[in-house]
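Let's take a friendly tour of some aromatic contacts. Have the model open and follow along.

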Amino acid sequence: MRHINGTKLIIGALVATLGALLFPVWSYADRSGTGQANLDSGTVTTQWGPLSAQDRDFLVKVRLAGLWEMPAGQQAMERAPTKSVRDCGDHLIVGHTDLDERVRFAAGKLGVELPNQPNEQQQGWLRELTEAEGITYQRKFAQLLRSAHGKFFGQIGATRNATRNTLVRQLADAANVTVLDHITMLERTGMVDFDAIANDTANAPPASPTGPPPPTSTVVPAPIPVVPGDGVETTSKPSPSPTGDATADSTTAPQLGSRSGSGTDHGPGSDYGN
């Protein structure tokens with residue numbers, strides 16, 4: 001009798017242990033707050049594919065990048081004594097003018113509202129640059145812009161990898177080319193502190209983008225475009241139009257023409273900025 005009771009206790013303990021192991025697996029699949037649940041709750045359906053919170057966050061960040069980097073680029077062309085820094089300013093203006101038109105096109109189609117001014121942090125960066133002079137200005141310019149582009153470069157890759165939306169995928173392709181060009185140009189100045197960037201990256205908390213709320217309609221008015229100021233001649237070219245991804249109604253991103261000035265051709269495809 002004791003042997004039978006002991007066996008029952010062992011079997012009961014094994015069943016309880018197995019249940020304890022299986023319960024979290026069973027409950028996790030149905031629990032809100034999981035990665036899949038968050039993806040589903042933040043995603044809306046569009047004719048170009050599902051639009052997630054990460055996708056909407058990416059559209060906003062592309063717009064914000066241009067809102068502060070175009071003024072920074074124009075300032076560099078007007079103030080920097082070093083040609084390599086002025087060339088960076090040229091690339092910033094042309095690259096983000098191109099991306100700004102592309103992101104406004106995509107946002108208008110997808111019903112995502114975009115900001116019309118830089119965020120508080122970006123406004124602070126512009127103030128830092130405005131207040132700096134000489135070599136201090138040039139080093140601040142190179143460091144701030146290189147750090148910002150490096151962080152955004154990783155976000156482009158994450159969005160391009162995970163998006164199921166054709167318009168977002170096309171925008172990520174264009175942003176990838178443009179941002180890499182800007183990173184390369186900034187590094188060519190010889191003023192980037194790579195140790196500072198590595199330390200900043202190592203100590204940065206993980207990003208948790210949530211994106212703006214889902215759109216309530218399919219189309220919203222396009223935000224006011226940002227264009228470079230008068231009197232600034234640019235010589236670089238915008239990124240090439242993406243190919244190979246047809247949209248549901250054959251609508252594609254704006255096909256922007258090449259822009260060049262009297263200087264050497266240094267758009268994508270040449271050895272300038274690559």
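Is tyrosine 137 buried or exposed? Tyrosine 137 is buried, at a relative accessible area of 1%, where buried means under 20% relative accessible area, exposed over 50% and partly exposed in between, with a 1.4 Å probe and protein chains only.

## About the model

This is a predicted model, in which local features need pLDDT of at least 70, side-chain atom pairs count only at pLDDT 80 or more, and totals for chains, interfaces and linings use all residues. Residues are numbered from 1 along each chain as its sequence is written, and side-chain values use heavy atoms, leaving out hydrogens and water.

Searching the whole structure turns up three aromatic pairs. Rings of Phe, Tyr and Trp (its six-membered ring) pair if their centres lie within 6.5 Å; planes under 30 degrees apart are stacked, over 60 edge-to-face and the rest tilted. With ring centres 4.9 Å apart and planes at 50°, tryptophan 68 and tryptophan 125 make a tilted pair.

Tryptophan 68 belongs to helix H3 (residues 53-79) and tryptophan 125 to helix H5 (residues 120-131), so the pair ties together parts 57 residues apart in sequence. Helices here are DSSP runs (H or I, at least four residues), numbered from the N terminus. Tryptophan 68 is buried at 1% relative accessibility, and tryptophan 125 counts as buried at 18%.

## Around tyrosine 137

Tyrosine 137 and phenylalanine 141 also form a tilted pair, 6.3 Å centre to centre with 35° between the planes. Both lie in helix H6 (residues 134-162), four residues apart, about one turn of the helix. Phenylalanine 141 is buried, with a relative accessible area of 0%.

The charged end of arginine 79 sits over the ring of tyrosine 137, 4.4 Å from its centre; this term requires NZ of Lys or CZ of Arg within 6 Å of the ring centre and within 35 degrees of the ring normal.

Conventions:
Helices (H or I, at least four residues) and strands (E, at least two) are DSSP runs, numbered from the N terminus.
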